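Biologist: Hi! Could you walk me through this one? I'm new to reading structures.
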Amino acid sequence: MTRANAAHLTIAISVMVMGLLFVQPRLACARQGSTSTEVNASPMVESISDTLAFIRWTTHNPGGTILHYAIVHYGKDPNHLDLTAESPTRINPSHSEMVFRVRMDGLQPETTYYYKVFSKQADGVSDPATSAVNQFTTRPHNRMSAEK
């Protein structure tokens with residue numbers, strides 16, 4: 001082996017080791033299901049009508065399984081979020097952030113709903129990010145949508 005090839009091999013091994021040191025612990029922690037949660041998801045109402053709403057939020061890529069579920073717990077009382085809407089989504093390991101989106105349907109017109117978001121991996125392990133309780137109000141009854 002020539003000196004140049006040995007030098008390139010040494011650099012390549014160093015880069016791989018550094019990658020393992022910085023990437024693997026994060027993924028391993030996500031897989032082990034750390035129970036600590038951070039209130040750092042900032043959901044927003046993406047779209048709203050009289051009977052449905054879309055909630056969207058972005059977090060750091062949580063790692064772990066490729067398949068995740070975006071989950072919204074909601075209800076008419078901020079202390080009793082007893083309804084749930086969820087949507088499957090796939091993470092892209094090469095992206096540093098993850099966008100979650102959930103459709104909530106069957107809502108009542110002109111009603112205030114309270115909600116909180118979080119996500120979990122396909123194996124049921126919760127991701128660390130969650131939100132505080134937020135609220136939105138559905139629009140008045142839409143006669144056009146009722147006739148469809």
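This is a predicted model: local features need pLDDT of at least 70, side-chain atom pairs count only at pLDDT 80 or more; totals for chains, interfaces and linings use all residues.

Biologist: Good to know. How far apart are the ring centres of Tyr113 and Phe136, and at what angle are their planes?

Modeller: The two centres are 5.8 Å apart and the planes sit at 25°, so Tyr113 and Phe136 count as stacked. The pair links distant parts of the chain, with Tyr113 in strand β7 and Phe136 in strand β9, 23 residues apart.

Biologist: And Phe136, buried or exposed?

Modeller: Phe136 counts as buried, at 6% relative accessibility. Phe136 and Tyr113 also belong to one aromatic cluster, together with Tyr74 and Tyr115.

Biologist: How many aromatic pairs are there?

Modeller: The count comes to four. Another one of them is Trp57 with Phe100: the ring centres are 5.4 Å apart and the planes are at 20°, so this pair is stacked. Trp57 lies in strand β3 and Phe100 in strand β6, so the pair ties together parts that are 43 residues apart in sequence.

Biologist: How accessible are Trp57 and Phe100?

Modeller: Trp57 has a relative accessible area of 2%, while the value for Phe100 is 0%. Both are buried.

Biologist: Let's talk about the core. Which residues touch the most other members of the largest nonpolar core?

Modeller: That core has 19 residues, and the ones touching the most other members are Ile55, Trp57, Val72, Tyr74, Met104 and Phe136. The elements giving two or more residues to the core are β3, β4, β6 and β7. The largest share, four residues, comes from β6.

Biologist: Pick Ile55, then. What is Ile55 in contact with?

Modeller: Leaving aside neighbours within four places in sequence, the contacts of Ile55 include Pro43, Met44, Val45, Val72, Phe100, Met104, Tyr115, Val117 and Phe136. Arg101 and Val102 are among the contacts of Ile55 too.

Biologist: New topic: polar contacts. What does the side chain of Ser119 make a polar contact with?

Modeller: With the side chain of Asp127, at 2.5 Å. Ser119 is in strand β7 and counts as buried, at 3% relative accessibility.

Biologist: What else does Ser119 touch?

Modeller: Not counting residues up to four places away in sequence, Ser119 touches Tyr69, Ala70, Phe100, Ser126, Asp127 and Ala129.

Biologist: Where does Ala129 lie?

Modeller: Ala129 lies in strand β8, and it is buried, with a relative accessible area of 11%. From Ala129 to Phe118 is 6.3 Å, C-alpha to C-alpha, and those two are 11 residues apart in sequence.

Biologist: What about loops? Where is Ser131?

Modeller: Ser131 sits in the loop between β8 and β9. Ser131 is buried, with a relative accessible area of 1%. A polar atom of the Ser131 side chain lies 2.9 Å from the backbone nitrogen of Val117.

Biologist: And Asn61, which loop is that in?

Modeller: Asn61 is in the loop between β3 and β4, and it counts as buried, at 5% relative accessibility. The Asn61 side chain reaches the backbone oxygen of His95 at 2.8 Å. A polar atom of that side chain is also 3.0 Å from the backbone nitrogen of Gly63.

Biologist: Now Glu110: buried or exposed?

Modeller: Glu110 is exposed, with a relative accessible area of 58%. Glu110 lies in the loop between β6 and β7, and has a positive phi of about 50° although it is not a glycine. Most residues other than glycine have a negative phi.

Biologist: Last one: what does the pLDDT average over the protein chain?

Modeller: The average is 80, and 70% of the residues score at least 70. Over residues 12-36, though, the pLDDT is below 50. That stretch has 19 contacts in the model beyond near neighbours in sequence.

Technical notes:
Residues are numbered from 1 along each chain as its sequence is written. Side-chain values use heavy atoms; hydrogens and water are left out. A nonpolar core is a set of buried Ala, Val, Leu, Ile, Met, Phe, Trp, Tyr and Cys residues joined through side-chain atoms within 4.5 Å. Buried means under 20% relative accessible area, exposed over 50%, partly exposed in between (1.4 Å probe, protein chains only). Contact means heavy atoms within 4.5 Å. Rings of Phe, Tyr and Trp (its six-membered ring) pair if their centres lie within 6.5 Å; planes under 30 degrees apart count as stacked, over 60 as edge-to-face and the rest as tilted. A polar contact is a pair of N or O atoms within 3.5 Å; within protein, one must be able to donate a hydrogen and the other to accept it, and residues adjacent in sequence count only if both atoms are side-chain atoms. pLDDT is the predictor's confidence in each residue, from 0 to 100.
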